[in-house]
Each structure stands twice: as structure tokens, then as C-alpha cells.
Amino acid sequence: MITTKRRRPARAAGLLGALAITAGALLSGLPAHADEPGAPAAPTEAPKVDLVLDVSGSMRATDIEGKSRISVAQQSLNDVIDALPAETDFGIRTLGATYPGNDKNEGCKDTKQLFPVGKTDKVEAKTAVATLRPTGWTPIGLALRGAAQDLGTGPTTRRIVLITDGEDSCAPPDPCDVARELAAQGIHLVVDTLGLAHDDKTRQQLLCIANATGGTFTDVRTQAQLTQKVKQLVGRAGDTHSVTPAKAAGTDKCETAPLLAPGVYSDREKFSEHRVYRVPVKPGQELRASVSVTPDRAVARDYGVLLQATDLHGQELVRGTDAGSGRTDVASTGVRWSAPDSDGASTSASASASGASGKSGASGASGASGASTVCLVVSNSFAGQAGVQADPGLPLELTVDVTAASPAPDGPAMGLGHGWILLLVLTLAGLLAGLVFGWLARWRIAVWQEN
């Protein structure tokens with residue numbers, strides 16, 4: 001009897017060991033996931049921020065927690081400067097800070113660079129801010145043009161952060177028109193506006209400036225709110241481009257569309273327009289594409305962006321969509337499509353989007369030298385609000401990459417795929433576990449009967 005008690009647990013232990021070895025062997029045979037795209041290369045240029053501060057006479061008003069508007073702005077700037085990321089190039093430009101007279105022509109020229117955009121000497125920058133006293137007029141449009149020159153050009157996204165307590169008192173140039181001009185240049189310049197006063201005219205003008213460049217507007221009520229928001233905007237400047245987008249002019253037909261190599265491209269798309277581009281994809285390669293459309297002006301609440309990959313005959317290969325019903329800084333989506341191997345192996349397709357997903361499919365598109373010509377179609381369903389200009393079109397950025405195709409885990413052609421092997425592992429594990437527990441139960445019953 002003692003012998004029986006020892007043999008059967010030993011047999012059960014052997015079965016458990018066999019189960020572990022079998023499961024380990026099967027799991028170790030699972031094919032590795034295809035390599036995903038690596039992290040973006042480090043930007044070749046530091047993030048740039050130019051803060052434009054209104055120092056006009058109205059900044060003397062003491063209506064923010066019992067303190068003057070200028071003192072609140074100065075204290076917030078001190079805190080922001082102390083917390084600046086080491087890698088960020090930061091500068092300060094003023095408007096209405098130097099001319100105290102009544103000559104409007106002179107007062108409306110009053111904007112200057114207080115601290116140049118670059119690596120920040122914090123003591124020097126804070127000292128310069130401390131010397132400011134509310135003085136003159138409010139030439140916002142001219143100051144925005146000056147800030148754009150301060151930031152220069154290059155591959156990095158540049159941000160202007162405007163802090164003001166009133167609307168422009170010097171137009172022309174109208175600051176909304178200036179913001180549209182800057183957006184139309186396609187230079188990745190974003191203007192964020194913060195209002196220290198709360199009248200409707202000021203709010204509408206600051207909203208117009210922000211919307212024109214894809215920026216944000218904040219109605220500031222407290223010093224803590226101002227400090228927190230400026231710090232947040234400075235942090236956003238770290239989202240930079242490692243490659244300067246090349247300009248591409250999409251067409252309405254694939255036959256006449258520009259042929260794109262892997263890279264980043266910028267274009268403009270009108271409301272509810274279709275823009276088409278072509279990309280060659282060789283057998284065994286995978287196309288990865290994404291698009292972002294920026295509503296840089298006031299748009300209707302319901303909108304969407306669609307990216308389709310089709311063949312030369314217009315048959316859809318894969319699609320990605322993004323949709324929304326409220327204000328957003330950007331609408332974006334992406335697709336992936338693999339060309340057939342030279343031996344006719346099946347293709348794979350997938351779609352990704354911010355806010356929505358689309359259907360996917362796969363098909364061939366014949367081209368020269370065995371390559372498939374894929375037509376990328378960018379569409380939008382944005383509509384402008386009443387009185388909003390349709391020209392220039394909305395800023396569009398298209399990213400194209402062509403890489404080695406990822407194995408598709410969805411059929412026998414790919415060596416059964418992850419799903420089949422996992423199912424086999426679970427089936428065998430369940431079978432062996434059932435046998436083990438069955439034998440253990442029989443052994444316990446036998447022992448109970450004998451005792």
C-alpha cells in the first residue's frame with residue numbers, strides 16, 4: 001500500500017513535468033513579432049519658443065487676484081524661466097514696451113526682441129523681464145511677424161506664445177491675417193494665445209489667431225493658471241520634426257498624382273476635397289502611411305479625415321479614418337499595406353486612426369519593374385463656419401515609409417501564424433492537465449477505499 005501511494009504521485013509529477021516541457025517547447029517555437037518601426041530619430045534642431053508679452057498701458061489694470069496684469073505676467077514668466085527644459089531655445093519679444101507718447105504711427109511700431117531665441121541665461125532673462133513697465137500701444141500683428149523672424153526656419157516646430165490683455169489697436173496688419181499668412185507658409189509655426197482680459201472682441205481675435213495656426217486659446221483668470229499653461233505650451237514645443245517636410249501638390253486623379261519616395265510631405269487641402277499621391281511598392285515590401293490635417297480656422301462640429309490606399313483602377317486596398325464632433329488641434333489616421341511576394345503569397349493590410357478605425361482589404365496594383373503602384377487618397381469632411389475663408393486650404397502632412405513586409409499572422413501561408421500555434425499549445429495543455437487530474441482523483445479514491 002505504501003508502495004502504491006509513492007508510485008502514483010511520482011507518475012503524476014512526471015506528467016506535470018512533461019506538460020511543462022511540452023508547453024515550453026511549443027511556446028519557444030512561436031514566431032517572433034515583426035519588428036515595428038523604431039523610435040523617431042532625435043531632432044537635429046532644438047525646440048524653439050518665442051514668448052510675446054503685451055506691455056501696453058492697459059497692463060497696469062489690477063484685476064487679477066488684486067494684482068496688476070503686468071506683475072502677474074512677470075511672476076509667471078519668472079517661474080516658467082526657472083523650469084525651462086535645457087534643450088529648449090527660448091526667447092522673449094515685447095509689444096508696447098518702449099514708446100510712451102501719443103503718436104499712433106510711432107506707437108504702432110513698438111515691438112522689439114527683449115531676449116533672443118536661444119539657450120537661456122536664466123538670470124539675464126529674468127532681469128530683462130523685471131525691467132518692463134506698461135507703456136504704449138498694442139501692435140499684435142506686427143509683433144507676430146517679428147516673432148516669426150525671431151524663430152527663423154528649420155526642421156523643428158516653432159511656437160509663439162502670445163500673452164495680451166486686449167485686441168490689436170494698430171491694424172493693419174490685422175493679426176488674424178498675419179496668422180493666416182504664417183500658416184500658409186507651411187513652416188510649422190504654431191501660435192498659442194492667452195488672454196488676460198475677458199471681453200468678447202479680445203476673445204474672438206485671440207481665438208482667430210490660434211485657430212489659423214492650429215494653436216490654442218486660454219482665457220486666463222489666475223496667476224497659477226497662466227504659469228501652468230505657459231509651462232505646458234513650452235513643453236509641447238518638444239514635439240519636433242526630425243525631417244523637414246517637402247512640399248507635394250496632390251491631384252484629383254491617380255494618373256497625374258506626384259510619385260512619392262519615403263519621406264514627410266506637406267500640402268494644402270480645401271474643405272471636402274480629395275488629394276491623391278502615388279507610391280511604388282515592390283513585392284515583399286510594406287507601405288506605411290499616415291496623414292494629419294490641421295483645422296487652422298473655425299470649422300463645423302462634425303468632421304472626418306479619410307486615408308485610402310487603392311490600386312490604379314480605384315479598387316480599395318485599405319483605409320484609415322478619423323472623425324470627431326468638437327474642436328481639435330489635428331485629425332490624423334494611418335494605413336499599412338503589404339505588396340504580394342513574387343511567388344504570389346498573400347498580402348496583409350491594416351488601418352489605424354485617432355478616434356476611429358476603418359475597414360481593410362488587400363489587392364494587387366501592377367506597375368513597372370514588378371512594383372505595385374499604390375494610390376494614396378486623402379479626403380476630409382471639414383466645413384468652415386460662417387464667414388470663414390476657404391483659401392488657403394487646410395494644412396496637410398503626409399508621412400510615407402516603405403519597408404520589408406511584416407509576416408501576416410492570419411493564414412497557413414505564414415507557417416500557421418500565432419493563433420494556430422497558441423491554440424495547439426492550449427489544447428495539449430488542457431489534455432495533459434485533464435489526464436493528470438484524472439489520475440490524481442483515481443489515486444485518492446483508491447487510497448480512501450483502502451483506508
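# Sheet, helices and loops of a predicted model

Q: In β4, which residue is the bridge partner of Val52?
A: This is a predicted model: local features need pLDDT of at least 70, side-chain atom pairs count only at pLDDT 80 or more, and totals for chains, interfaces and linings use all residues. Residues are numbered from 1 along each chain as its sequence is written, and side-chain values use heavy atoms, with hydrogens and water left out. Strands (E, at least two residues) and helices (H or I, at least four) are DSSP runs, numbered from the N terminus. In β4, Val52 has as its bridge partner Leu162.

Q: How many bridges join β1 to β4?
A: Two strands pair if DSSP finds at least two bridges between them. β1 and β4 run parallel. The number of bridges joining them is six.

Q: Which are the edge strands?
A: Six strands form an open, mixed sheet in the order β3-β2-β1-β4-β5-β6. An edge strand here pairs on one side only. The two that do so are β3 (111-118) and β6 (217-219).

Q: By how much are neighbouring strands of this sheet turned against each other on average?
A: Axes are lines fitted to C-alpha atoms, for helices over the stretch in contact, and angles run from 0 to 180 degrees between N-to-C directions. For this average, direction is ignored. The turn is 15°.

Q: What angle does the direction of helix α5 make with that of β4?
A: Contact means heavy atoms within 4.5 Å. Helix α5 (residues 140-151) packs on the sheet and touches β1, β2, β3, β4 and β5. Its direction makes an angle with that of β4 of about 150°.

Q: Are α2 and α4 roughly parallel or roughly antiparallel to each other?
A: Angles under 35 degrees count as roughly parallel, over 145 as roughly antiparallel, 65 to 115 as roughly perpendicular and the rest as oblique. Helix α2 (residues 69-82) and helix α4 (residues 122-130) pack at about 175°, with axes 10 Å apart. The two are therefore roughly antiparallel.

Q: Which residues in α4 meet those of α2?
A: The α2 side supplies Gln74, Leu77, Asn78, Ile81 and Asp82. Their counterparts in α4 are Lys122, Ala125, Lys126, Val129 and Ala130.

Q: The side chain of Thr251 reaches the backbone nitrogen of which residue?
A: Thr251 sits in the loop between β7 (246-247) and β8 (263-269). Residues it touches include His274, Arg275 and Val276. At 3.3 Å, its side chain reaches the backbone nitrogen of Ala257.

Q: Does Asp302 count as buried or exposed?
A: Asp302 lies in the loop between β10 (285-293) and β11 (303-310). Its C-alpha is 8.1 Å from that of Ser381, which is 79 residues away in sequence. Because its relative accessibility is 58%, Asp302 counts as exposed.

Conventions
A polar contact is a pair of N or O atoms within 3.5 Å; within protein, one must be able to donate a hydrogen and the other to accept it, and residues adjacent in sequence count only if both atoms are side-chain atoms. Buried means under 20% relative accessible area, exposed over 50%, partly exposed in between (1.4 Å probe, protein chains only). Lists of a residue's contacts leave out its neighbours within four places in sequence.
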